Amino acid sequence: MTGPVVVGLDGSPASVTAAWWAAREAVDRKLPVVLLHSWTTQPLDVPIAQEALSKQRYGGQVLQRMETELLHRYAQLDLMTELVSDSAAQALLDVSENASLLVLGSRGHGTVTGFVLGSISLHVLGLSRCPTVTVRADDPAVETGWGHPAAADRQEIVVGVREAGPAADPLLEFAFTYADLHRARVRAVRALPVSSLVTHPHIGHSAEGYETDEHGRLAAALTPWRQKFPDIDVVDHVARGPAAQVLLAASDHGMLTVLGRRRHPSPLTWKLGPVAHAALHHAACPVAVVPHD
């Protein structure tokens, strides 16, 4: 990754928290940060007149204030700002072609706001060309740093592995790279359907045999990454139950939850699955959505 870390900044508390997270990540990765504000897409509760000039002035103030705060904390940060007239979703998708990361803010449990409001969030997360991270506004570990007591038990990078094959490699690369930067453990999660409690009709194995096979497939997918990152502790986590429920339970102690989604050949065919929706709305830690072929 050599492109910038781009933050969708609208002045809301959620986007400010996202900017703090992005700045630290950019420093760790030695990458520049771009604060991007769309003056045509602003929160509905912004107390300004609707004239274009007022919106542009507000946007400039949002960018300047955040730039000052970030440079005060990270003097070495390479930081740029962009005030654009394109819609938030389109501007973020355009920069995702060359960005290392997009970072968006999430209001908190159950709802999202600003740059990740409804169709905007789903549109960006579903079509971004680079990994996109959502960060909660109510996450104390982000604004105060990982030394905060609330982060003491959050030492794992949780990655959901739906397919133990080549499709999982971009997710695992992202998860292991992040873990290496932050000296964290990787927990690779594979959910088995409840139906696996009975004999699997396709392989003729018992429930125990099917679970053993899935452990083997997951271990095989992790082997090259264990070899590439020998200093990282890795947990193979295979559990029966709904995939969203298994992943959310595993992410309770996560520093970051990593999910994948397939690249879409057309902007008209993008879709995020139910597991991604559940994680984005309910996971307590930041969530990264990584596109893959």
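The exercises below concern a predicted model, and each comes with a worked solution.

**Exercise 1. The sheet and its edges**

Find the order of the strands in the open sheet of 10 strands, and work out which strands stand at the edges.

*Solution.* 
- Step 1: Follow the sheet from one side to the other, and you get β3-β2-β1-β4-β5-β10-β9-β6-β7-β8, with mixed pairing.
- Step 2: Look at the two ends of that order. β3 (79-84) and β8 (234-240) each have a single partner strand, so one side of each has no neighbour in the sheet.
- Step 3: Zoom in on one pair. β1 (residues 5-8) and β4 (residues 101-106) are parallel and share 3 bridges; here V6 has L102 of β4 as its bridge partner.
- Step 4: Now place a helix on the sheet. α9 (residues 274-282) touches β4, β5, β9 and β10, and its direction makes about 35 degrees with that of β5.

**Exercise 2. A strand in its surroundings**

Decide how many residues of strand β6 (residues 156-160) are buried, taking buried as under 20% relative accessible area.

*Solution.* 
- Step 1: Count the buried residues: 5 of the 5 qualify, so β6 is largely enclosed by the rest of the structure.
- Step 2: Sort the side chains by direction. E156, V158 and G160 point one way, while I157 and V159 point the other way.
- Step 3: Find a partner. β7 (residues 185-192) runs parallel to β6, and 5 bridges join them; R187 is the bridge partner of V158.

**Exercise 3. Two packed helices**

Describe how helix α1 (residues 13-29) packs with helix α6 (residues 169-182).

*Solution.* 
- Step 1: Take the geometry: the angle is about 85 degrees and the axes lie 10 Å apart.
- Step 2: Classify the angle. Values from 65 to 115 degrees count as roughly perpendicular, so that is the word for α1 and α6.
- Step 3: List the contact. α1 brings W21, R24, E25, D28 and R29, and α6 brings F174, T177, Y178, L181 and H182.
- Step 4: Sort by class, which gives 4 nonpolar, 2 polar and 4 charged residues.

**Exercise 4. The nonpolar cores**

Which residues touch the most other members of the largest nonpolar core?

*Solution.* 
- Step 1: Among its 54 residues, these are W21, L35, L70, I157, F176, L256 and V258.
- Step 2: Follow F176. Leaving out residues up to four places away in sequence, F176 touches V186, L222, W225, R226, F229, I232 and V234.
- Step 3: Look for another core: a second, separate one has 15 residues, including V158 and V189.

How values were computed. Residues are numbered from 1 along each chain as its sequence is written. This is a predicted model: local features need pLDDT of at least 70, side-chain atom pairs count only at pLDDT 80 or more; totals for chains, interfaces and linings use all residues. Side-chain values use heavy atoms; hydrogens and water are left out. Two strands pair if DSSP finds at least two bridges between them. Helices (H or I, at least four residues) and strands (E, at least two) are DSSP runs, numbered from the N terminus. Contact means heavy atoms within 4.5 Å. Axes are lines fitted to C-alpha atoms, for helices over the stretch in contact, and angles run from 0 to 180 degrees between N-to-C directions. Angles under 35 degrees count as roughly parallel, over 145 as roughly antiparallel, 65 to 115 as roughly perpendicular and the rest as oblique. Ala, Val, Leu, Ile, Met, Phe, Trp, Tyr, Cys and Pro count as nonpolar, Asp, Glu, Lys and Arg as charged, and the others, Gly among them, as polar. A nonpolar core is a set of buried Ala, Val, Leu, Ile, Met, Phe, Trp, Tyr and Cys residues joined through side-chain atoms within 4.5 Å. Buried means under 20% relative accessible area, exposed over 50%, partly exposed in between (1.4 Å probe, protein chains only).
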